[in-house]
2 protein chains.
Amino acid sequence: MEREFSQLNPGYRLLLGPGPVETSPRVLRAMSGNLLGHLDHQFLDIMNDTMELLRKVFQTKNRLTLPMSGTGSAGMETVMVNLIEPGDNVIVCVKGVFGQRMRDVAERCGANVYSVEVPFGQPIDPADVRKIAKEVGDIKLIAVVHAETSTGILQPLPELSEIAKEHDALFVVDAVTSLGGVELKVDDWGIDACYSGTQKALSCPPGLSPVTMSSRAEKVIAERKTKVQSWYLDLSMIQNYWGQERVYHHTAPINMIYGLREALQIVLEEGLEARFKRHQQNSDAFVGGIEAMGLSMIAPIGYRLPTLNAVRIPENVDDLKARAYLLDKYGIEIGGGLGDFKGKAWRIGFMGESSRRNNVILLLAALADAMAVQGHRVDVGAAVEAALEVYNG
Amino acid sequence: MEREFSQLNPGYRLLLGPGPVETSPRVLRAMSGNLLGHLDHQFLDIMNDTMELLRKVFQTKNRLTLPMSGTGSAGMETVMVNLIEPGDNVIVCVKGVFGQRMRDVAERCGANVYSVEVPFGQPIDPADVRKIAKEVGDIKLIAVVHAETSTGILQPLPELSEIAKEHDALFVVDAVTSLGGVELKVDDWGIDACYSGTQKALSCPPGLSPVTMSSRAEKVIAERKTKVQSWYLDLSMIQNYWGQERVYHHTAPINMIYGLREALQIVLEEGLEARFKRHQQNSDAFVGGIEAMGLSMIAPIGYRLPTLNAVRIPENVDDLKARAYLLDKYGIEIGGGLGDFKGKAWRIGFMGESSRRNNVILLLAALADAMAVQGHRVDVGAAVEAALEVYNG
């Protein structure tokens, strides 16, 4: 009998970073439900429920709406490998790390990728997309990240969707950090393919990637001339497992789907509008507090993502030391900067269960403490007061 | 407040099919541990433990040994997309559905696939592989399924490994239904790439795919001329997250990794040899009982997989009716036939927690009952007695 590894015992954390975020005990409990086979009729009902709940959260009637068996990036790859064939012209909007990732994935599918790039921390200007689309012509799809997790930019979508329609191109949206936390109307905004992750505003552990495809996108998949390069992510087969046919493809991650179903139910019990309002209010309170401390946000007003708040780190504050202090003294995790913002930004997520007044107030005080021990003193009282003004009006 | 979906409440099942199988409450409990961020130092320790435990179970010293963030088929795709470049010559041994899947995946990577095929229910004859390897020449890899889940064939590996070495080809093994239940010596048998699933003999819920790569395989990956076609499964990046660098790639499915770590610990507490012996004994007892009932196994003696027992369905017994009866009266799930064996075989898994004397005895009696109600009567007493003879000697 071997026993050299200690008992698994992850210690306390308050997750206020870019995800995973806090999850409800209801979700964890659901994940411990009796294990079922992936072809059991009981599980097929759970799959149907999950698809229906996902449609409500995506605000879509799309038939092809299901969770892929991988994390958010698997959703990105699913959309790209199924829609792109080698030689297709594709426009990717790049305003952060996840736009860069989209470009990389599209290139690996053999697309001719034309990217519209802006500096990290800026939103995409639709005029730039319109210009490139005209120059290139014959565009298969236009792809953009709705909520850029690396910079905290919320990208308005309707005008980009119009441009896609003008060119008869598919409109592809990364909603990893927006779904369930920020308004996202898949049908009304003419989105043809959209994917997300479970560990952000849906407040479920990581492991699945909800994906939805319009009937236009389905048609493109049905009319492909080449096989999808990924067997694991091939929707032409996966839809036969999730559809009426129930043809075995791969073994679905049963317990993760239990968790997602429960998480989606929690989202809808709160109601989408109320949930978006809560995320906005907690973000507004936090931003108010941050600005009252004399710090500033990366994203310009009008483009600030309420789920992921990117704060500029003061010049005389060391990023790693501050985050280590928060972890050590408070058990709080926040995210560091990615790409161009490495060492220059903190990425603070108030998503799902993590989006609470308690967490906003606590983090403002804890951040002030973490900076003060480095000699950068701010007015905590003013910060808390500014936050409370948002709550108490 | 919306509440039209009922509470998630999956009913009782005894899982004796091709997987998922029963899991330990310890594993479910581990999965409910405090959620950590994917870059938290506490989680990095858990990742290190998991890799080390996996090495012990794979019986390897391979540095590159980790769980991929997808189910078993994602492991298959990981191995193929990382090792194959377009135009490579590849030999795939096909003796069932999962061999066919390997061929399909390798073709999607742009390989020239030469397949060695035998009828479903037969093992591969190494002489056939040797012949084709000589004819084709310049072979990049030879791939085979160790434990063919669709037919219950256990394929001996050492001679196939020798052939790969003779041709300086990589030896690739699908161990989805063997790892943790059947002897598998990755290093001693000269296996260069091996993948598995969590929901078989490791007795963990589905959602991850353990993969291990030899230093030869690592070198092939490092010297690729083309980018790996899958971003999500690109080991050149993923190894930097699981390695010392800890570079963010995608958000790992934290709770699933908690579960896998616990499941691996349970495997090693029992000990590999004891575990293999248990699987063999329960399978022997079941096969003894099946034959005493006058039924027969698909796999010939010497090639029978103890984890997955494929039984030929008597001609006058209806497959679907019998399985529905087992589900309805006993809550027992067994698997139906796949591919050529659809409607002709039952696939019965005694893996991990499901591999128990109780389940063997119960299933023999339940199967006899399910056949009797269709008018096919067998001697239950003789079946149980034959099984007990194996246990009691």
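**Exercise 1.** In this predicted model, explain why the copies meet through the same surface.

Solution. Begin with the interface residues of chain B: 100% of them are also interface residues in chain A, so the two copies use the same surface to meet. Next, look at the number of residues involved: chain A gives 63 residues to the contact, and chain B gives 63 residues. Here, residues are in contact if their C-beta atoms, placed from the backbone, lie within 7 Å.

**Exercise 2.** Find which helix of chain B gives the largest share of the side that touches chain A, and sort that side by class.

Solution. First list the helices that supply at least two residues each: in chain B they are H1 (25-31), H2 (41-58), H3 (72-83), H4 (97-108) and H9 (254-270). The largest share, nine residues, belongs to H9(B). Then sort the side of chain B by class: 26 residues are nonpolar, 24 are polar and 13 are charged.

**Exercise 3.** Determine how chain B is related to chain A.

Solution. Two copies of a chain are related by a rotation about an axis and a shift along it. Chain B is superposed on chain A by a rotation of 180° with a shift of 0.0 Å along the axis, at an RMSD of 0.0 Å. The copies are therefore related as by a two-fold rotation axis. In chain B, the residue closest to this axis is Gly70(B), with its C-alpha at 2.7 Å.

**Exercise 4.** Describe the open sheet of three strands in chain B.

Solution. The strand order is E11-E14-E13, with antiparallel pairing. E11 (308-312) and E13 (335-336) of chain B are the edge strands, each pairing on one side only. Between E13(B) and E14 (345-349) of chain B there are two bridges. Opposite Gly336(B) stands Trp346(B) of E14(B).

Methods. Residues numbered from 1 in each chain as written. Chains lettered and ligands numbered in written order. Predicted model: local features only at pLDDT ≥ 70, side-chain atom pairs only at ≥ 80, totals over all residues. Helix = DSSP H or I, 4+ residues; strand = E, 2+ residues; numbered from the N terminus. Nonpolar A, V, L, I, M, F, W, Y, C, P; charged D, E, K, R; others polar. Pairing = 2+ DSSP bridges. Least-squares fit on C-alpha atoms with pLDDT ≥ 70 in both.
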